[in-house]
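Colleague: I would like to go through the labels on this model and hear the grounds for each. Please start once it is on the screen.

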Amino acid sequence: QVQLVESGGGVVQAGGTLRLSCAASRSLFSINAMAWYRQAPGKQRELVAAVNSGSRTNYADSVKGRFTISTDNAKNTVYLQMNSLKPEDTAVYYCNAKVFIGTNIREDYWGKGTLVTVSS
């Protein structure tokens, strides 16, 4: 089991910055990958950024060059630094942990989400 608690959401003007945090209940070394997803009103949840245990990252095309995912293993925390925010970044942002427990068997854990609102 992994409990995830997000923080850092809020209201910001277009062009502004926010940093989201996600605290995990156990060591990140025991988790295969951490990710941030978002879900805007009326839309499906989408992957924003991810980092695996080898520190390899990947980003949605819509956030490349603006968002950065990072980890602090000492704090069991994952961050999402969001710069140059746009109104279309408005969404609930969810932290996700992926744990592989066997061949092709994966468990996904989710936080409750934090709301980011970008005003124009």
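Modeller: Val-116 is a place to begin; this residue is found in strand 11. Keep in mind that the model is predicted.

Colleague: What does Val-116 touch, leaving out residues up to four places away in sequence?

Modeller: The contacts are Gly-9, Gly-10, Leu-18, Leu-20, Met-82, Asp-89, Thr-90, Ala-91 and Tyr-93. Arg-56 is 60 residues from Val-116 in sequence, and their C-alpha atoms are 25 Å apart.

Colleague: Met-82 is on that list. What does Met-82 touch in turn?

Modeller: With residues up to four places away again left out, Met-82 touches Gly-16, Thr-17, Leu-18, Leu-20, Arg-66, Phe-67, Tyr-93 and Val-116. Met-82 is also one of the residues with the most contacts inside the largest nonpolar core, together with Leu-4, Met-34, Trp-36, Leu-80 and Tyr-93. That core has 31 residues.

Colleague: Which elements give two or more residues to this core?

Modeller: They are strand 3 (18-24), strand 4 (33-39), strand 5 (46-52), strand 7 (67-72), strand 8 (77-82), strand 9 (91-102) and strand 11 (114-119). Strand 9 gives the most, with five residues.

Colleague: How do you know whether Ser-21 counts as buried or exposed?

Modeller: Ser-21, in strand 3, has 16% relative accessibility. The cut-off for buried is under 20%, so Ser-21 counts as buried. Among the residues that Ser-21 touches are Val-5, Glu-6, Trp-36 and Tyr-79.

Colleague: What makes Cys-22 and Cys-95 a disulfide?

Modeller: Their sulfur atoms are 2.0 Å apart. A disulfide requires a pair of cysteine sulfur atoms within 2.5 Å, so the pair qualifies. The structure holds one disulfide. Cys-22 in strand 3 and Cys-95 in strand 9 are 73 residues apart, so the link joins distant parts of the chain. Both cysteines are buried.

Colleague: Which hand does the link of Cys-22 and Cys-95 have?

Modeller: The link is left-handed, with -80 degrees about the S-S bond.

Colleague: What makes the phi of Ser-55 worth a remark?

Modeller: Ser-55 has a positive phi of about 70 degrees although it is not a glycine. Most residues other than glycine have a negative phi. Ser-55 sits in the loop between strand 5 and strand 6 (57-59). Its relative accessible area is 59%; exposed means over 50%, so Ser-55 is exposed.

Colleague: And why is Ser-84 called partly exposed?

Modeller: Ser-84 has 41% relative accessibility.

Colleague: What lines the largest pocket?

Modeller: The lining residues are Leu-28, Phe-29, Ile-31, Asn-32, Ala-33, Met-34, Val-51, Asn-52, Ser-53, Ser-55, Thr-71 and Asn-73. Strand 4 and strand 5 each give two or more residues to this lining. The pocket has a volume of about 180 Å³.

Colleague: How many residues of each class are in that lining?

Modeller: Six are nonpolar, six are polar and none is charged. Asn, Ser and Thr count as polar, so Ser-55 falls in the polar group of this lining.

Notes:
Residues are numbered from 1 along each chain as its sequence is written. This is a predicted model: local features need pLDDT of at least 70, side-chain atom pairs count only at pLDDT 80 or more; totals for chains, interfaces and linings use all residues. Side-chain values use heavy atoms; hydrogens and water are left out. A nonpolar core is a set of buried Ala, Val, Leu, Ile, Met, Phe, Trp, Tyr and Cys residues joined through side-chain atoms within 4.5 Å. Buried means under 20% relative accessible area, exposed over 50%, partly exposed in between (1.4 Å probe, protein chains only). Helices (H or I, at least four residues) and strands (E, at least two) are DSSP runs, numbered from the N terminus. Contact means heavy atoms within 4.5 Å. On a 1 Å grid over the protein atoms alone, a cavity is a set of points where a 1.4 Å probe fits but cannot get out, and a pocket is an open set with protein on both sides within 12 Å along at least five of seven lines; lining residues have an atom within 4 Å of a point. Grid points are joined across faces, edges and corners, and a volume is the space filled by probe spheres set on the points.
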